[in-house]
Amino acid sequence: MPLTYAFLDYGGPDLQRFLDVPAPEPGPGEVLVEVRAAGVNPVDWKVRAGMHRAFLPLTLPATLGREVAGTVVRTGPGVVELAVGDKVLGSTVGGCGGYAELALLPVARAARMPDGLSFIDAAALPIAAGTAYEGLAALGPAPGQTLLVLGAGGGVGTVAAQLAVLGGVAVVGTGSAAKRAFIESLGATAVAYDRDDVARRLQELLPAGADMVLDLAGGDALDGVAGVITARTRVTSVADEETVARFGARPLMRTGDPATLSAVAELVAAGKLDPRVHRVFPLSAAADALALVEAGHAAGKVVIDVTAQR
């Protein structure tokens, strides 16, 4: 039976286990994928902790992870978009099931991999890169404008900064002092997020205010940079509804549709975008991979190589 890395109940890492489970059957509009690599995201531990249980009902135990790359081995009823043997990337059915040898993908959130794209890089794209691509599309940046990215050192910020720079946008990114060099390597100007100094530093860098703000930090991050948010500033944020409304922001949404996945995958395959995979772990070390992301110490993406020796 295929191996998965799951959590038995909501709570901490002590509830995570390897399990052998029956192969899932693809339903209508779904494909079964032999997983070659799985991306690791902060949302994975948040699901395990029970933070999303109000809107993401799961039958426990549930397999961790929600983005994979692999090869289609079976198609469900009515599937014509993908075929057995296709190399694909995408988000899993039901928001879980990625840290596994076999996983289900809905064709509405999957796409074929272009030539030249590795499974490791492909697995790093569906959640973070897809969110960054759609977040920037919502802001509509133009060459010569300025973009402030709050939380530029994470998976979404890493891609958003690169995409904006690629489009001729001047990017300023906030992050921890430890990620300064990493953020600057993306082509952005880095500002350490120190509540006592960030406002002054940003006003020096953006005296006329920012044209756009992509808030990936949430919480009270927007309050800390309010001095560079003007009436003309377009804001997209992961903050709560009240904060989003107060700043006239759009909530950051993600569809992860095939068009988005294909667009970011083509950019990586062409060498124009680097998903910045920070660490690759074998499936046997899935606990270590998730712990690194949960601790917030990863600069860029963490990926599990499911084909590596157990």
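Reader: At roughly what angle do the axes of helix 3 and helix 4 cross?
Author: This is a predicted model, in which local features need pLDDT of at least 70 and side-chain atom pairs count only at pLDDT 80 or more, while totals for chains, interfaces and linings use all residues. Residues are numbered from 1 along each chain as its sequence is written, and side-chain values use heavy atoms, with hydrogens and water left out. Helix 3 covers residues 125–139, and its axis (a line fitted to C-alpha atoms over the stretch in contact, with angles from 0 to 180 degrees between N-to-C directions) comes within 8 Å of that of helix 4, the two crossing at roughly 45 degrees.

Reader: Which word describes how helix 3 is set relative to helix 4?
Author: Angles under 35 degrees count as roughly parallel, over 145 as roughly antiparallel, 65 to 115 as roughly perpendicular and the rest as oblique. The crossing is at roughly 45 degrees, and therefore helix 3 is, relative to helix 4, oblique.

Reader: How many residues in the contact of helix 3 with helix 4 are charged?
Author: Helix 3 brings A128, A129, T131, A132, Y133 and L136 to the contact (heavy atoms within 4.5 Å), and helix 4 brings G155, V156, V159, A160, L163 and A164. With Ala, Val, Leu, Ile, Met, Phe, Trp, Tyr, Cys and Pro counted as nonpolar, Asp, Glu, Lys and Arg as charged, and the others, Gly among them, as polar, these residues divide into 10 nonpolar, two polar and, as for charged ones, none.

Reader: Which strands are at the edges of the six-stranded sheet?
Author: The six strands form an open sheet with parallel pairing, in the order 11-10-9-12-13-14, where a strand is a DSSP run of E of at least two residues, a helix one of H or I of at least four, and two strands pair if DSSP finds at least two bridges between them. Two of these strands pair on one side only, and they are strand 11 and strand 14.

Reader: What angle does helix 4 make with strand 10?
Author: Strand 10 (residues 170–175) pairs with strand 9 (residues 146–150) in the parallel sense over five bridges, and T146 stands opposite A170. Helix 4, residues 155–166, packs on this sheet and touches strand 9, strand 10 and strand 12, and its direction makes with that of strand 10 an angle of about 165 degrees.

Reader: How many residues of strand 7 are buried?
Author: Strand 7 (residues 102–106) pairs with strand 3 in the antiparallel sense over five bridges, and its L102 stands opposite E34. Strand 7 is mostly covered, and of its five residues, the number that are buried (under 20% relative accessible area, with exposed over 50%, partly exposed in between, 1.4 Å probe, protein chains only) is four.
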